[in-house]
Amino acid sequence: MALRKVKGNLERMFDKNLTDLVRGIRNNKETEPKYIAQCMEEIKTELRQDNLAVKANAVAKLTYLQMLGYDISWAGFNIIEVMSSPKFTFKRIGYLAASQCFHQDTEVLMLTTNMIRKDLNSQNMYDSGTALTGLACFISGDLARDLANDVMTLLTSTKPYLRKKAVLLLYKVFLKFPEALRPAFPRLKEKLEDPDPGVQSAAVNVICELARKNPKNYLSLAPVFFKLMTSSTNNWMLIKIIKLFGALTPLEPRLGKKLIEPLTNLIHSTSAMSLLYECINTVIAVLISISSGMPNHNASIQLCVQKLRILIEDSDQNLKYLGLLAMSKILKTHPKSVQAHKDLVLQCLDDKDESIRLRALDLLYGMVSKKTVMEIVRRLMTHMDRAEGTMYRDELLQKIILICSQNNYQYITNFEWYISVLVELCRMEGTQHGGLIANQLMDVAIRVVAVREFTVGQMALLLDNAHVIVGPAAARSSIAEVLYAAAWICGEFSQLLANPKATLESMVRGKVVSLPGHIQAIYVHNMLKLYAHIISTAEEEEDSEMIEEVTSLLLEKLPVFVSSGDLEVQERASCILQLVNYVQKCHKNGDKIGSDLTLLLTGELNPVAPKAQKKVPLPEGLDLDVWINDPPSESEEEEKDDVFKKEIFVKNDPSSKERKKEKYEPTEEELQKRRDARRAEQASNPYYVKSHSSPRPNHNSLQVDEIPVAALDLNVSLKIPGMASLDKYQFVEGRQGSGKKRDKKHKKRSKKRGVASSSSDEDVPRTHVVNTDVGEMPEGANFSDENEPDDRPEDDPHRALDINLDEPLAPNEVLPTRSHYEVPCKASSDNHDEANLLASPAKKKSSGKKEKKDKKEKGKKSKKEEKKVSRKKNGVPKKEESLILDLIDPLKETSLNDETVPSTANHINGVEESSSKEPQSDDLDFWLSPENPHAKTHIEDADKVAQLSSTELHSKEESKSKKSKTKKEKKAKKEKEKHEKKSKKKAREEPESMSRNRDEYEETNGLVTQEGEEEKAAMEASEQSQPLARLLAEDSAIKMMYTTAAMDGIMSQVLVCITFSNQSSKDISKLQLIVPDSDALKMIRTDPESDTVNLPWTLEAGRSRESQFSFTADDDTIPHKLRGSLSYTQEGIGNSDISLRLDFPVVTFLSGKTASRATFTDLLGSGQLSARSSFTLPSCSRSFQEVLDELTRGGSLAVVECVEQTASLYGRSLHGHHVCLLVKYQASSRLTVDGKSTEGTLLSNTLDYLKTALSQPQ
């Protein structure tokens, strides 16, 4: 065995590790596939060995090869084997390989369930962490279902490292197993308040990712996230939270009003650009949602715009892009705020980055007004002439058209100018938006009647100069589509043409045949319109020569179109040719048919709505899904498929396919020969321009004036005579600009008169009337759009996570847990006797015991119910009744409630139907809405509902426990015995205490003396007024205790009482207390320059002394800490020092002595309490009175009003901040504390302290 081990170690010395593999791949670049194939064989040999270290090394090399693109799925079993290694270094390699190559459909994943569960429950923190990290990469639905409970268990781990990883893994678990979301969500919500910031940040990330697709389900978490946003300093977590608020604000507009102030503060204070951008984005979303309810928000908009200008002016291209993107969001709701920065946006058009230029174009689209549209379009067209890149120029062209045509040409005041812009755009070569220009020309001609004559004239010029538009580059662009619009406009409005015959001649020229088929078809069709107009006009004027010329022209040119390859052109041309022949015959006979011919083409065309076809109503009785004829049989379909598969025209030769696939690749020698032959041919070719080795002249040294101007001899003129130009509109614009001085004078005069001058677009007159109808719609159609369906794909996991998380959990909504196999047994009472006959004697004995026990419990229940009924008849007071009920065993009380609560048939979610209709108090509503002092009835109703639900929950748990296993029944018996012992003790102690109290205070049954009540109140007040004493410092000689409280007379100071106790047998003298001041907390001293306070007394052995010190606090909204030391001299021993720390909780700075019910009610109704927060303890170990004693300890808070299990408390801080609390204590020991304050930080810190104090055991 030893020799074998030595032999294995020697062989391992020559094994290749990962470093050797990487080095070998780099050294074998030319023969890399061959080298890797050799390494693969070596790895397979290593995987067959028994040594786990060798296998781990092989798996590490496989992981690297997988990163290079090689398939290693064949090694799945070996990877799992390395994952199961007890050694962490090997286990980590295995999980890394699994995370690289395993996925949810990997077949071997079913073998890993128990192994991963074992690693998750490992005592080694790093084993569990590795398992969590790897599982996130290859988790499947089965693994998520089986391991969800184990991952949930890790949420309660004492190690933040594991809690953080478990929280992050829950997101993947929810995606694969959505049923785990509801039972796991309460635990996940608790992690938002985890003491570790890493766990807290992980929980925020998970919830924000879940809420990204389904935000409405997480609206109830708004108070928690608001508290995190106002208290956290982690920028990345703040970004996530602010993004979530941006998604929640549209769902709850009241939330926006609460967010404006903290978001504005963050915008002012943060230096992180990423956080600034998200804050601005959320402020924009907030202002959009509350635009109607918050009119005075211009300051916030101006702040956002100013900050965005800083981003746009930054040299960082990313920040510039984000600034433009956010500016476009503000533009939708507040265009005037953005229009002031038009110069900055226009500067971005000259940026080198094309994405920034495109984003600036999007901004310009919304910055247009009636006054600025001409200037912006002129700037864009000038920029388009200088722009490079066809795609960017196309985008510019499209933006120009969109700017002008938005909202049915809202900003166009002169449509002749717009037609000129469109004609100018026709000259841009290589554009792909010819169809867009054509549609605009036709739309303007139809909608704007006043500009039709000008439009027709321009289109006639385009048809006459079609050779300019259809140039050599027309095949690569769609600019020829403009001729489609020109031909249609000239034909449709032919009566407006100055020379219809010239237009007809331009439409039948030879180059028209080279146009696309659909354009030729429009040409032919509109030739008929022009022909009809010319004939009718000539007949009226009795111009027979014109009729003959036009008719002969068409008869000569139309046969070219009849022989076209396009069927539509053929059909139209042949029909029109026959029609022209018929007209010619009629004219020869002396008949005038011009008026009849025009009747074929009469009728005005109106614009059609874009969604008119979709809105056509379905006739009654028409089913579009029913077959019109009998559906074809399957045999017929197969025969058709066979027919199509047959080789109809050419018989395919399989060898020809192989020949096509084979490609000849010349060798390097042949390529070299071809290069040499090409160079020899170039050298002998006198027309080939050869390169020169002489240096090129430096053109940069030439001046602009020295460059000679060469005259260009062009066959085509650059400008078309008669075509409209934008120059004259620039002149008009200049004249408008010259009148600005007069406008300024007019504004000054209006200001003097007190009249507000408006610079709106209403002042600009519109020269043409536009038909702004939506368009013609079919009869019975609706203009409204239907609700948009969910466009998420069916396999999107977030669809299944759209779950209501506010509903209480159902009994079946639990995470699956491991359990032993159970033999199914019948629980019905009818088969009970039959089962007992078949059971063994031992089982019969146990069942007999159970029956006796059940009978005893039923007897006890009946007796208790009889006593309860008799008490009600005899008029026993409620206090005594509650005392007797307290003596009942809690487990038995649930069984009693099981009978008294109504059946669950009339219940919904554990609450009666009648009570569910009544309004219930909501924590989110309390947090968002102003306080209503008259809403106490809702609190009482909520408590009643909670009591009902708790009793039903107990009854359900009792019914489940009857069907539990034998082990669980034994545990339940032990717990019952413990409860019985406790209840007996209570039964002995409580009557004695009650009898003593009654002997002291009661005179007659049910009446309490006034003196006794006053004494009791005084005792309670003295107990409550005593603050909590805390340990300051202690050693073998001295012990120091201290209390903190706000001073009675001076509300701006805190009084600290320190008790010094001598625990030794020798005197202590020369006590010096050294407490340095902090920035916010300072001690009031006789010598302000010294930190030392001398105590002028000697502390005798076994004696105690008390000293009081006053402190001033500049900030009373946060807790403070002071560190210091005490030096003293002990008799016979010498000097000693002891360090100390003074803690000042935030409740130290509160005082409830000014509380009164009237001022409390007025304060709630005033609206000053803008900050709101709350916390909940699901199971509070204290009674309601003990909770109030703890809250009012030291006098920091005072009870204003108390009704049953609900109390209102008030406290005022040193600097005048108000804190109001509402404490609700339910029957299920559930404690809820809701708070409102004028200062959010003070409220959150106060509730944190109270929650910690109430959570600690007494």
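**What the labels rest on**

Author: Let's start with a pair in the sheets: Lys 1082 has Thr 1112 in strand 11 as its bridge partner. Bear in mind that this is a predicted model.

Reader: What makes strand 9 and strand 11 a pair?

Author: Two strands pair if there are at least two bridges between them. Strand 9 and strand 11 (residues 1104-1113) are joined by three bridges, so they qualify, and they run antiparallel.

Reader: Which sheet do they belong to, and in what order do its strands come?

Author: An open sheet of five strands, ordered 5-6-7-11-9, with antiparallel pairing. From one strand to the next, the twist averages 30°.

Reader: Why do strand 5 and strand 9 count as edges?

Author: Strand 5 (1030-1034) and strand 9 (1081-1083) each have a single partner strand, so one side of each has no neighbour in the sheet.

Reader: What about strand 8: how do you know which strands it pairs with?

Author: By the bridges again. Strand 8 (residues 1068-1074) has five bridges to strand 12, in the antiparallel sense, and four to strand 10, also antiparallel. At least two are needed, so both count as pairs. Gln 1072 shows up on both sides: it stands opposite Ser 1127 in strand 12 and opposite Asn 1094 in strand 10.

Reader: What makes strand 12 "mostly covered"?

Author: Eight of the 11 residues in strand 12 (residues 1120-1130) are buried. Strand 12 also joins strand 13 (residues 1134-1144) through 11 bridges, running antiparallel.

Reader: On to helices. Why are helix 16 and helix 18 called roughly parallel?

Author: Helix 16 (residues 273-289) and helix 18 (residues 317-333) pack at an angle of about 10°, with their axes 10 Å apart. Angles under 35 degrees count as roughly parallel, so these two helices get that label.

Reader: Which residues meet there, and how do they divide by type?

Author: From helix 16 come Met 273, Tyr 277, Asn 281, Ile 284 and Ile 288. Helix 18 brings Leu 319, Leu 322, Leu 325, Ala 326, Lys 329, Ile 330 and Thr 333. The residues of this contact divide into nine nonpolar, two polar and one charged.

Reader: What makes helix 13 mostly covered?

Author: Seven of the 10 residues in helix 13 (residues 222-231) are buried. They are Ala 222, Pro 223, Val 224, Phe 225, Phe 226, Leu 228 and Met 229.

Reader: How do you know whether Lys 342 is buried or exposed?

Author: Buried means under 20% relative accessible area. Lys 342 has 17%, so it is buried. This residue lies in helix 20 (residues 342-347). Leaving out residues up to four places away in sequence, Lys 342 touches Met 367, Thr 372, Glu 375 and Ile 376.

Reader: And Ser 494, which is in a loop: why does it count as buried?

Author: Ser 494 is at 5% relative accessibility, under the 20% cut-off, so it counts as buried. Its loop runs between helix 28 (481-492) and helix 29 (500-507). Not counting residues up to four places away, Ser 494 touches Lys 529, Leu 530 and His 533.

Reader: What puts Gly 76 in the buried class?

Author: Gly 76 has 4% relative accessibility, again under 20%, so it counts as buried. Gly 76 is in helix 5 (residues 76-83), and it contacts Phe 102 and Val 108, leaving aside neighbours within four places in sequence. The C-alpha atoms of Gly 76 and Thr 106 are separated by 8.7 Å, with the two residues 30 apart along the chain.

Reader: How much of the whole protein is buried?

Author: Buried residues make up 40% of the 1258 residues. The protein has 51 helices and 19 strands.

Key:
Residues numbered from 1 in each chain as written. Predicted model: local features only at pLDDT ≥ 70, side-chain atom pairs only at ≥ 80, totals over all residues. Heavy atoms only, no water. Buried < 20%, exposed > 50% of the residue type's maximum accessible area, 1.4 Å probe, protein only. Axes fitted to C-alpha atoms, helices over the stretch in contact; angles between N-to-C directions. Parallel < 35°, antiparallel > 145°, perpendicular 65-115°, else oblique. Contact = heavy atoms within 4.5 Å. Nonpolar A, V, L, I, M, F, W, Y, C, P; charged D, E, K, R; others polar.
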